[in-house]
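Reader: I'd like to learn how to read aromatic pairs and a ligand site in a model. Could you walk me through one?

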Amino acid sequence: MKTQPSLSELSQSELRQMMADLGHGRYRADQIRVHAWRGTAAGFHGATNLPGELRSVLASELRWKTLELIAATSADRGLTDKLLLRGYDGQEIETVLIRHTGSSTTRSRQTVCVSSQVGCAIGCVFCATGQLGLRRNLTAGEIVDQVLEAARRWGSADLGPPTNVVYMGMGEPLQNYKEVVRSIRLLSEWGISPRRVVVSTSGLVPEMDQLAQEGLPIRLAISLHAATDEVRNRLVPLNRRYPIAELIAAGMRFSGRTGRRVSLEYVLIAGLNDGEQDAAALRRLAAGAGAHVNVIPMNPIPESPLRAPSQDHCRQFAAAVGPRATIRFSRGDRAAAACGQLRAAMQSEKRRLDRTAERLGSLPLPV
Ligand code: SAH
Ligand code: SF4
């Protein structure tokens with residue numbers, strides 16, 4: 001399907017050039033971007049500080065945004081919002097907005113957790129997105145639009161703008177390398193410094209090396225989930241291609257080259273990777289890599305019997321890994337859970353409604 005370019009996929013200088021080409025001042029680009037960020041206009045026609053004729057031309061040549069808000073859930077007394085957004089082709093993705101209010105020692109942060117793909121081809125056994133398979137890559141514009149949506153949502157509630165972006169939503173960012181890197185560069189022009197960006201990967205070693213050469217001082221999170229190849233092969237199928245030793249070595253090359261920390265993510269699953277030996281192996285691995293470990297009790301996902309161990313067991317596991325480990329009781333879980341799960345919940349709700357409709361002998365609901 002041929003679509004017009006969107007505001008979100010143009011760089012600041014491309015938009016300024018477009019204004020000049022249309023015979024207008026380059027500053028018009030900045031006026032438009034302020035509206036898009038603050039939500040003071042819902043489209044080009046609403047940008048009333050621009051000449052009417054320019055607004056009409058822009059409305060016919062550019063899309064104001066690429067994603068439409070379908071549903072939002074809120075949890076943690078409004079600190080976590082989960083958005084379901086729909087692309088031009090009807091595909092749905094999730095974006096999670098997380099506010100950290102800060103303390104005497106930490107600054108407040110507003111983090112947007114973005115999706116990079118619709119679905120994911122990696123197929124980790126504990127992940128709702130993995131069960132979908134890959135539908136398509138998101139464009140850089142669609143990634144940026146998730147952050148713009150967050151900026152407008154927080155802005156309209158008089159909360160501060162997004163400060164951090166993490167690529168931990170649906171999809172494997174390094175399998176959509178070009179658009180992800182472009183989105184990081186575009187986001188820096190919206191005020192999100194690459195230093196406050198985290199890309200999470202299940203371990204595509206060649207792309208990790210490539211990313212280290214981009215001159216972007218981002219942080220990398222490695223989704224490890226197991227400290228031996230035997231266990232990791234079962235949890236993250238990609239491990240058969242890039243086993244743990246290669247993955248950790250790539251992580252160390254990344255931090256050596258960028259000077260940025262690499263963290264290890266470890267989703268804890270009862271009976272699969274939560275034993276004493278797993279903790280001991282993880283402790284050695286983390287020490288060898290000089291990396292911090294985030295231990296994340298698994299969120300349950302539809303149609304899977306896999307579960308997190310008890311909270312006590314999670315704490316014991318983290319303690320056995322040692323001071324490099326922090327337990328992260330997931331924030332997203334009460335807002336319809338982690339990665340891919342709001343979408344899954346909406347789908348099962350739709351199936352339930354479909355079944356009811358069938359029972360009543362009427363037509364199924366439109367998708
Ligand atoms: N594909 C990338 C980034 C998206 S997944 C990656 O795998 O790193 C982001 C994080 O969510 C990963 O660390 C992933 O392991 C975690 N995750 C996925 N499903 C989860 C679940 N059911 N419970 C807890 N964390 C989950
Ligand atoms: Fe894909 Fe990440 Fe989910 Fe694995 S955890 S299936 S890599 S989104």
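Author: Happy to; we take the rings and then the ligand. This is a predicted model, where local features need pLDDT of at least 70, side-chain atom pairs count only at pLDDT 80 or more, and totals for chains, interfaces and linings use all residues. Residues are numbered from 1 along each chain as its sequence is written, chains are lettered from A and ligands numbered from 1 in the order in which they are written, and side-chain values use heavy atoms, without hydrogens and water.

Reader: How many aromatic pairs are there?

Author: Rings of Phe, Tyr and Trp (its six-membered ring) pair if their centres lie within 6.5 Å; planes under 30 degrees apart are stacked, over 60 edge-to-face, and the rest tilted. Here the count is 3 aromatic pairs.

Reader: Why is the pair of Trp-37 and Trp-190 stacked?

Author: Their ring centres are 6.0 Å apart and the planes lie at 15°, so the pair counts as stacked.

Reader: Are Trp-37 and Trp-190 buried or exposed?

Author: Buried means under 20% relative accessible area, exposed over 50%, and partly exposed in between (1.4 Å probe, protein chains only). Trp-37 is buried at 17%, and Trp-190 is buried at 9%.

Reader: Which polar atoms lie by ligand 1?

Author: A polar contact is a pair of N or O atoms within 3.5 Å; within protein, one must be able to donate a hydrogen and the other to accept it, and residues adjacent in sequence count only if both atoms are side-chain atoms. Among them, a polar side-chain atom of Ser-223 is 2.5 Å from an oxygen atom of ligand 1. A backbone N or O atom of Gly-171 lies 2.9 Å from a ligand 1 nitrogen atom.
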